[in-house]
Each structure stands twice: as structure tokens, then as C-alpha cells.
Amino acid sequence: MDDVIIVGAGIGGLTLGLALHGCGIPCRIFESTAEIKAVGVGINLLPHATKELAALGLEPALARVAIATADATFFNRFGQLIYQEPLGRAAGYEHPQFSIHRGDLQMVLLEAFVTRAGRDRLVTNSHCIGVEQDEAGVSVIFSDGPGGTARSAVRGRAVIACDGINSALRKQFFPGEGDPRYSGVNMWRGVTRWKPILSGASMVRAGWLSHGKMVIYPIRPQGADGLQLINWVAEIETPAYRKRDWNRPGAIADFIGAFADWHFDWLDVPAFIRAADQVLEFPMVDQEPLPRWSFGRVTLLGDAAHPMVPRGSNGAGQAILDARTLVAALIEHDDPVAALAAYEKQRLEATTRIVLTNRSNPPDAILREVFQRTNDSPFGRIDDVISREELVAMSEGYKRIAGYSKEALRTR
Ligand SMILES: Cc1cc2nc3c(=O)[nH]c(=O)nc-3n(C[C@H](O)[C@H](O)[C@H](O)COP(=O)(O)OP(=O)(O)OC[C@H]3O[C@@H](n4cnc5c(N)ncnc54)[C@H](O)[C@@H]3O)c2cc1C
């Protein structure tokens, strides 16, 4: 049987490779970069995604490098507690929520893939520039890296584009789409070595986008020095869109003013930002949901299919769920064209809902609600601003849409 060709060795591509190999479906992964390096900063894996990774036998390896996130905690920009709820196993899920360095996640997946499938099943320096298909199969055209001149072609029975937010294959099928859509919010992302904050496994969201919002969570267990590697993202409404790649360095001076008076008993935010090892800048972008992903023997997966603004901890998780659904479809249908159509049918509508909800009502809508009701002022008692029931309903509503309510996971 010809290989399934996977374009891109990011989170979605590597998970798909592992899942296909586990089911005996031959595949090869082609990655644009010359070497896969542990890049990025923090990422969250919610229980619907960790369930799939556990099924691939990866939970112990992930648990060694990640934090099992215990609670979500929301504050206003005056440091007042709005809401707290347990997460992952602490909330009674069968599987944990992991907060993890994206590089650590990618390395766990990469090592497992290379060990199980073989080093020759992953080809680097292969930058996809297009596909051509006929009745019998599909050819993928590669150059030797972005902007490279040498060309080669690889033949397969199906091609899965896992090439991320700037997907070359998405552009081939939707040439008029243009740049990703800017949300109006810029993000500065960084990591700081710091002593544990709150429970030591808290996912903190504070403030609001118009003045400045922070998301803060640890991504590596405490070292011998008692410090954790803590991921943070500063998000601020910024009218001008500056196109950035994931690894573009950012400058603290450009955003720290928004947090200058955030000296709380649970964290001195300016000192924490200034102590960062690394600061990156990236615009918060997504794309309009597509009407289709599958074209004969070619389909899109993960950010190539449904890039979403990172406000629901769902980007990596949805790529992982795509991979699982696609493998099930390839097992069920001998004909790859039918399999890719079935995959799209199951996943397109579900992910479209998440893309749209991440724009309007992601989990941090709790912060917006309190910001608006208090006119951005300190409150006396949170119960006089918003009831606990309302807060719980907002949080549970997102879980249902994103597919990780406890009922949904029990029945899946
Ligand atoms: C370098 C990098 C750093 C990131 N850092 C973060 C982060 O800190 N926090 C966060 O939430 N999300 C981050 N992301 C995005 C996050 O990984 C995705 O949103 C999510 O995990 C979905 O994964 P994906 O597999 O669809 O895409 P990605 O994980 O983005 O993987 C795409 C892969 O395809 C490769 N590729 C791209 N174009 C081609 C091509 N033409 N031919 C062959 N290969 C190609 C890329 O090199 C990459 O390995 C980062 C992505 C990248 C590429």
C-alpha cells in the first residue's frame, strides 16, 4: 500500500503519524525545517486531547515534563479574585489537563514517532509547495526548505496538510484567501523562572484586553532551585497589525506599561515580566472557517484547516482530535477519497463552532463580563457583580462547545 503523506511535523502531523503507525497504516512525514527544534513557549492540552495521547501510550512521558494543571483562576486588573474552578483530574476528569512547553510536547511526539515508526519515516528539509492528483494517487512537490530551488516529488495514496497557520496547501485550494485575519489584539509571550504561583498548578487569567490581560501558568515541574518555568502571555488591543512569525522576538518596553501597577499579593507582575528568559511577539489571528477541507485525496488538519485565536487552550487539542478522527475514517473506508470526506464531515462543523466561539465567548469572557459590569473599577463583593451560577454557566458552556464537558468525554 502506498504511504499516507503527512506534510508538517508539528503537533498535528506527529500525532497523526503516531496514530496511523499504531494502526498499521504506512505513512511518512515531510517537514520544512532542516532540524526539528524544541521551539515555542506554553501550550495547554485539555482532557479530550490528553485522552487521545494516553491512548497512544504517551501519558507517562508527558507527565514527566508537564504540569498537571489543577485550577483556573480569574482576577480583575486590581488583583481581585473573580472566580476559581478545578481543572483536569482535580475536576474529576479521567485524564489530566497538561500545561506544557510546546517544544517538550513536540519532542515527546517526535521521539515516540521515530522510535516506533523509524527515523526514515520522517524527512526534514522538505518544504511542500503543491500537490497534483489523478485517479490512482497523489504527488506532493517539495523544495529543499522555504525558498529552496531544488524540486522533488513524492507519491502517496493520500496527503494530509498539517503545515500550520501559513499552510501552503490551504493556499493552493483557496488562493484568494489572503493573510490570517487579525483580531485586533497583539500578544507578547514569554517564560520566566519563578517560584510557584498560587497552587503551583494554576492557570491564571487577569485583566481585560482593552487595558491589558495576562494569562499565566507553569509549564515545567519545579527544579532543584525551587523555581518553575512559568509561561505568560500579555494580550493588549492594538489597532496596527504587524505580521509576525511564531519565533519573532518582542520587546518588554512595548507592553509593560499596561501592567506597571500590577503589584498583587499573589504576584508582582512587572517584576515577573522583567525576569523573563525570553519574550516573543505574535499577533492574535485566525482565519474565516472554510466551506471544505477535503479535495479528493488531499485534506487539511489542525491549524491548516481551522486556525483559531488562542483564547480557549484548544489549538493543539483540536489538531489531536482531527488526527484521531482521520485515522478512524481511514480504517473504516478503503477508498481514501471517501475517508477524507468522512473525516471532514465529522470535524468541520465542530471546529467551526470553536473558531467562532473563541472570537466571541471563550473562557475569558468571564473577565469581559466583570470588566463591563464594574465599569472597570474594583468591586466590594463579587457576588454583587455576578453570581457564582452565572460564572459556572459561562465556563461550562465553552466546555460543551469545545467538546470536553465531562458528559461528552464519558460517552466518547
Ligand atoms: C515554531 C512554532 C512555535 C509555536 N509556538 C506556539 C506557542 O508557543 N504556543 C501556542 O499556543 N502555539 C504555538 N504554535 C502553534 C501550535 O503548535 C498550533 O497552534 C497547534 O499545536 C496546532 O498544530 P499544527 O500541527 O496544526 O501546527 P504547527 O504545530 O504549527 O505545525 C506545523 C508544522 O508544519 C511545518 N511546515 C510549515 N509549512 C510547511 C511546508 N510548506 N512544508 C512542510 N512543512 C511545513 C512547520 O515547520 C511545523 O513543524 C507554534 C507553532 C510553530 C510552528
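Visitor: Which backbone atom lies 2.9 Å from a nitrogen atom of the ligand?
Guide: That is a backbone N or O atom of Cys128, 2.9 Å from a ligand nitrogen. A polar contact here is a pair of N or O atoms within 3.5 Å; within protein, one must be able to donate a hydrogen and the other to accept it, and residues adjacent in sequence count only if both atoms are side-chain atoms.

Visitor: How much of the ligand's accessible area does the protein cover?
Guide: The protein covers 87% of the 920 Å² of accessible area that the ligand has on its own. Those areas come from the Shrake-Rupley method with a 1.4 Å probe, and for residues, only the protein chains shown count as cover.

Visitor: Before we go on, what kind of model is this?
Guide: A predicted one: local features need pLDDT of at least 70, side-chain atom pairs count only at pLDDT 80 or more, and totals for chains, interfaces and linings use all residues. Residues are numbered from 1 along each chain as its sequence is written, and side-chain values use heavy atoms, with hydrogens and water left out.

Visitor: Thanks! Back to the ligand: what do Val41 and Gly42 do there?
Guide: Val41 has a backbone N or O atom 2.7 Å from a ligand oxygen. For Gly42, a backbone N or O atom lies 3.0 Å from a ligand nitrogen.

Visitor: How many residues surround the ligand?
Guide: There are 30, and the closest are Gly12, Glu31, Val41, Arg189 and Asp303. A residue counts as near if one of its heavy atoms lies within 4 Å of the molecule or strand in question.

Visitor: And what classes are in that shell?
Guide: It has 13 nonpolar, twelve polar and five charged residues. Ala, Val, Leu, Ile, Met, Phe, Trp, Tyr, Cys and Pro count as nonpolar, Asp, Glu, Lys and Arg as charged, and the others, Gly among them, as polar.

Visitor: Which helices and strands each supply at least two residues of the shell?
Guide: Helix H1 (11–22), strand S3 (42–45), strand S9 (127–133) and helix H7 (315–332). The largest share, three residues, comes from H7. Helices (H or I, at least four residues) and strands (E, at least two) are DSSP runs, numbered from the N terminus.

Visitor: New topic. How many salt bridges does the structure hold?
Guide: It holds 23. A salt bridge is a side-chain nitrogen of Lys or Arg within 4 Å of a carboxyl oxygen of Asp or Glu.

Visitor: What about Arg77, which residue does it pair with?
Guide: Arg77 meets Asp376 in a salt bridge, 2.8 Å from N to O. Arg77 lies in the loop between strand S5 (71–75) and S6 and Asp376 in the loop between helix H9 (365–373) and helix H10 (388–402), so the pair ties together parts 299 residues apart in sequence.

Visitor: Is Asp376 buried or exposed?
Guide: Asp376 counts as buried, at 17% relative accessibility, while Arg77 is partly exposed at 24%. Buried means under 20% relative accessible area, exposed over 50%, and partly exposed in between (1.4 Å probe, protein chains only).

Visitor: And where do Glu369 and Arg373 sit?
Guide: Both are in helix H9, four residues apart, about one turn of the helix. Glu369 is buried at 19%, and Arg373 is partly exposed at 38%.

Visitor: Which residues are linked in a network of salt bridges?
Guide: Arg181, Asp286, Glu288 and Arg359.

Visitor: Last one: what is phi of Asn125?
Guide: Phi of Asn125 is near 60°, a positive value in a residue other than glycine. Asn125 sits in the loop between strand S8 (122–123) and S9.
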